[in-house]
Amino acid sequence: MRKDYNLEKRKYVIGGFITVLVMIYIVRLFALQVGDVKYKESADSNAFLKRILYPARGLVYDRNDKLVVFNKPAYDVMLIPKDVGDFDTVMLCDALGISRDELISKWEEMKDPHRNPGYSSYTPQKLISHLSQEDYGKLQEKLNLLPGFYIQKRTVREYAYHCGSNILGNIREVSSDDVLKDRYYRRGDYTGDLGIEKSYEKALRGDKGVEILMKDALGRIKGKYENGVHDVAPVSGHNLKLSIDMDLQQYGEQLMQGKIGAIVAIEPATGEVLALVTSPNYDPSLLVGRERGKNYSMLVSDPQKPLYDRSVQGAYPPGSTFKPTQGLIFLQEGVITTSTMYPCYHGYVNGLRVGCHGHGSPLPLKPALQTSCNAFFCWGFKNMIDKRGTKVADQFEKWKDYMVEMGYGYKLGIDLPFESRGFIPNNDFYSKSFRGANWTANSVISISIGQGEVLATPLQIANLGATIANRGWFYTPHVVKEISDSTIDEKYRKKRHTSIKRQYYEDVAEGMRMAVSGGTCRTANLPGIEVCGKTGTAQNPHGRDHSVFMGFAPYHNPKIAIAVYVENAGFGATYGVPIGSLMIEKYLTGEISPARKGIEDRMLNSNTIVSSGVKKH
C-alpha cells in the first residue's frame, strides 16, 4: 500500500499549531496572573488600603545651632479612583475653596498618564495638595459623604529666618521626569529644588513607611491588617548643620538691600562658608504652600532675577582683586623679587597705554598692592609672557595653570547646584581669537589687572582671600558643616595646596595689609583688628564700573576671608570696602563700633540700583 506523505505532513502541521496555541494561552495566563499587576492591585484594593507614611524631612540648623528650617503639618486630598462613588461636587469645591472648573482640571491632570506616570485607578492618587488647617477641618467633617476620598498628612517647610533663600532652596512637587528617574517618588511627592534642599535631597528626604488597612465590602476602613504587623515605619531624614552664621547672613542681606551683587565670607581654616549673600533676594517662605506656583512665576519674571544666585553663578571681571594672584606668580617664576621696581607714568606705557591713578613711581610689589598700581602688574605680565628664550604659548599655559591651582577657571565644587566656572583663557582660546596670528603679552595685557576675558565668581574671589590668609592652601568651600548620623563629602576635608612658596604669600599678605593701613582700603581699618584687603574697580562696558573688595582678618591667625561685589557702584572703596569691613567687624566682634555707625547707616540706606539706571526691586 502506498504511503500518503501529504497526510503525514498535515499531522505535524496540526500538532504544531495546537502546541503553539497552548503555549500562547500559557504565556497569557502567566502574564495576567503574575506579570500584570493590575489584577493584583484590583484584588488588593478590594480588601486593603496601603497608605504611604511620609517621613519627617531633616531639620536645618546654622553653625551656632540655631534652628533655621523645620517642618509644619500639611494635608493632601487623596482618593482611589475605583472606589469613588457619586458625590456632591458643589460640597467638595466649597470645602476646598476651589471652583468646579479647577476641580475638573485637577481631576483630568490626575488621570493623565503623561503628567502622572504609573496612574492606576486601583492605587491612591493625589487630587489637591496643601490644604489649610481651616479647609482640612471643613473637609474632615464631610469625608463620610465622599466615598473613596481620604486625607493624607505630610509636612512642608517652615523658616525661622526670612533670608538665605539662595542657600536653603525650597521643595517642590515632583515632575513626571523625577518619577521616571527615581523610583522613590510617586506623583504628589516633594523633592528639593535649589540650594541645599536640592544638593542634599537624599540625605534630607528620609525613607517612606507604609500602613496597611483593611476594608469591608463597602470600602469602609475597618482597622489595621493583622494589628499592623506588616506596617513599615517611616525613617526621618538626616538633620543638617550649616556652616552659615545666619545672623551674619541676615546682616549681609540688609547691607545689600538696594544693590545688585554678592557677598561671600569663608572661614579660611576650614573652608566653611560663613555667609553667602546674593542681591536681590527673596523670602524663602514665598515658595511654600498653594501660592508657590504664583510666587515662583513672579520671581522668574522679575527683571532683576532674584532666583539667580550671583554669589556662585555670577561671572564677573575681578578687577584689581586679581592683582595678588599676579604678584604670586611673578615671584614664583622669578620674574620679580620683592625689591623689583617698575615705572608708572600714570599707567603702563609700552606701545599701548593702560591708565593708572597718581602715586609714587617707580615702585616694588608691596607698594604696588598698597596703591593698586596697574602698570606694575602689566610690566610683570609682559616680562613673564614675552620672556626671552621661551615661547609665548608655553609661558601663557604656565600662567594659566597657576590660576587654576588658585581656584580660577573651573568650578570650585561648593555643595550647591549651578555653580559657574568663571573663565580663564588658555593659549588655544587666543590662537583662535587671533586666527593663528602671532600674539604677545601686549595683545592681552588687560587680563593682568583682572579685565579683558578673565571672569570670576564672588566665591572664587573670596576663596583667593582664604588661600592668601592660609599662606598657600584652601579647603573646597562648603555650606554644610555636619550631617547627623553621617559625614560630609571627603573632598571638603582635603587641603588643596598651590605650588607657590609660602614666603611669597607672606609678601602678598603684607602688601594687602599696607593697602588697609595706608592705601586704597583705608575704610577697612578696624580698631584692634589687623585687616588685609584689596580693592577692585571692575570696568563694565554696559554702564558704571563694579565696586569690588577682597580681604581677610586678622592678619595673623585669620578667622574670616571675604569678597564683596556690588554691580554698577563705582570705585571699590565706595561700596565694596565699607561693606566688607562691616561684615568683618560684625563677625569678629558681634557689633559695629559707635565710631563706624555712620558708615553702617550709609551702606544700609544707599541704593545703587536706582543710580545705575536699573529699576528698583
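Trainee: Are F381 and W399 buried or exposed?

Mentor: F381 is buried, and W399 is buried too; buried stands for under 20% relative accessible area, exposed for over 50%, and partly exposed for in between, with a 1.4 Å probe and protein chains only. This is a predicted model, where local features need pLDDT of at least 70, side-chain atom pairs count only at pLDDT 80 or more, and totals for chains, interfaces and linings use all residues. Residues are numbered from 1 along each chain as its sequence is written, and side-chain values use heavy atoms, leaving out hydrogens and water.

Trainee: How many aromatic pairs are there?

Mentor: A pair of aromatic rings is described by the distance of the centres and the angle of the planes. Rings of Phe, Tyr and Trp (its six-membered ring) pair if their centres lie within 6.5 Å; planes under 30 degrees apart are stacked, over 60 edge-to-face, and the rest tilted. By this rule, the count is 22 aromatic pairs. In one of them, the ring centres of F322 and W399 are 6.4 Å apart with planes at 65°, so the pair is edge-to-face.

Trainee: Where do F322 and W399 lie?

Mentor: F322 is in the loop between α12 (310–313) and α13 (323–332), and W399 is in helix α16 (residues 392–405), 77 residues apart. Helices here are DSSP runs (H or I, at least four residues), numbered from the N terminus.

Trainee: And what about the rings of F381 and W399?

Mentor: Their centres are 5.8 Å apart and their planes at 80°, so F381 and W399 are also edge-to-face. Both belong to one aromatic cluster, whose members include F322, Y408 and W439.

Methods: Helix = DSSP H or I, 4+ residues; strand = E, 2+ residues; numbered from the N terminus.
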